[in-house]
Amino acid sequence: MTYSVIETERDGSVLLVRLNRPERLNAYNLEMYDDLLRVYDEADADDGVRVVVVTGNGRAFCAGADLEKAGATFARDPGAEPHRDSGGMLNLRTYEFSKPVIAAINGPAVGVGATMTLPMDIRLAVDTVKMGFVFARRGIVADGCASWFLPRVVGISKALEWTLSGRVFGAAEALEAGLVRSLHPSDELLPAAMELAREIAENTSAISVTMNRQLMWRMLGADHPMAAHEVESRALGVIGGTPDAKEGVESFLEKRPARYPGKVPADLPDFYPWWPDRQFRALP
């Protein structure tokens, strides 16, 4: 497929997505938002895609919102329809995505460039990375549903420190806080991310991965472990009798690599998704 400001490349069952505005440090704009939504929609429907890896072209991952409108960048017509943050809509789509997403943060990631990685499942970064949730230094509030995602990734105290100060921080602090899983020299970052993606794609059941991804994310907002027990029990009751479950046990007993036949989305259980659709409601 062709896109305006991103590039895609297939490596077996891994889809590599590159943000592609290097002359603007991959600054985020509505074209990038539209392209990423298309990528997620198309990858969700393609049972040949098992994992998505997102990185940036050039020396940055994403330098935040494009500021070409200067002081009017974040201005909105008060008489227009209720505003919806495009970074939030993008992250809600990532959250709903059925397959794992790995961020290979190859350079500066600030503002929406940082928040867009939060609903991605695993983040790796170059060892010189600079990141920042700089909204308070631009006179605005955090975007991308960061007030929900960031405390769940790094804890409330660190999330508040970063968002209240708006300061840019380095690789060591991002690693210590758990924002990134590992740090790599620039020439080793993408190979490490792709190796992790292939480990998932080549050794696991696509159905299991989809279900586990959504169970982990959804249960972050559950009010009691019974919510997890209810869904896990139903999933085990349905999936336990599928060819994937049979193959998983037999390949283990026979000491051979598993060959899982199940596809996503075609073979997901009938009760997926089990959560109600949450509609946007504009605050008065």
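Start by selecting Ser86, which belongs to helix α2 (residues 86-96). Helices here are DSSP runs of H or I with at least four residues, numbered from the N terminus. This is a predicted model, where local features need pLDDT of at least 70 and side-chain atom pairs count only at pLDDT 80 or more, while totals for chains, interfaces and linings use all residues. Residues are numbered from 1 along each chain as its sequence is written, and side-chain values use heavy atoms, with hydrogens and water left out.

Is Ser86 buried or exposed? Ser86 is buried, at a relative accessible area of 15%; buried means under 20% of that area (1.4 Å probe, protein chains only). Now show its neighbours: leaving aside residues up to four places away in sequence, Ser86 touches Tyr28, Leu30 and Tyr33. Contact means heavy atoms within 4.5 Å.

The axes of α2 and α8 lie 10 Å apart, and the two helices pack at an angle of about 125°. Axes are lines fitted to C-alpha atoms over the stretch in contact, and angles run from 0 to 180 degrees between N-to-C directions. The pair is therefore oblique: angles under 35 degrees count as roughly parallel, over 145 as roughly antiparallel, 65 to 115 as roughly perpendicular and the rest as oblique. To see the contact, select Thr94, Tyr95 and Glu96 of α2 with Arg213, Gln214, Trp217 and Arg218 of α8. By class, that contact has two nonpolar, two polar and three charged residues. Ala, Val, Leu, Ile, Met, Phe, Trp, Tyr, Cys and Pro count as nonpolar, Asp, Glu, Lys and Arg as charged, and the others, Gly among them, as polar.

Next stop: helix α4 (residues 146-154). Colour Ala146, Phe149, Leu150 and Val154, which are buried in α4. These residues sit on the same side of α4 because they cover an arc of only 95° around the axis, the arc being that of the directions from the helix axis to the C-beta atoms. Step just past α4 to find Gly155, with a positive phi of about 95°.

Finish with α5 (residues 156-165), whose axis comes within 7 Å of that of α4 and crosses it at roughly 125°. That makes α4 oblique to α5. Select Leu150, Pro151 and Val154 of α4, then Ile156, Lys158, Ala159, Trp162 and Thr163 of α5, to display the contact. By class, this contact has six nonpolar, one polar and one charged residues.

Technical notes:
Buried < 20%, exposed > 50% of the residue type's maximum accessible area, 1.4 Å probe, protein only.
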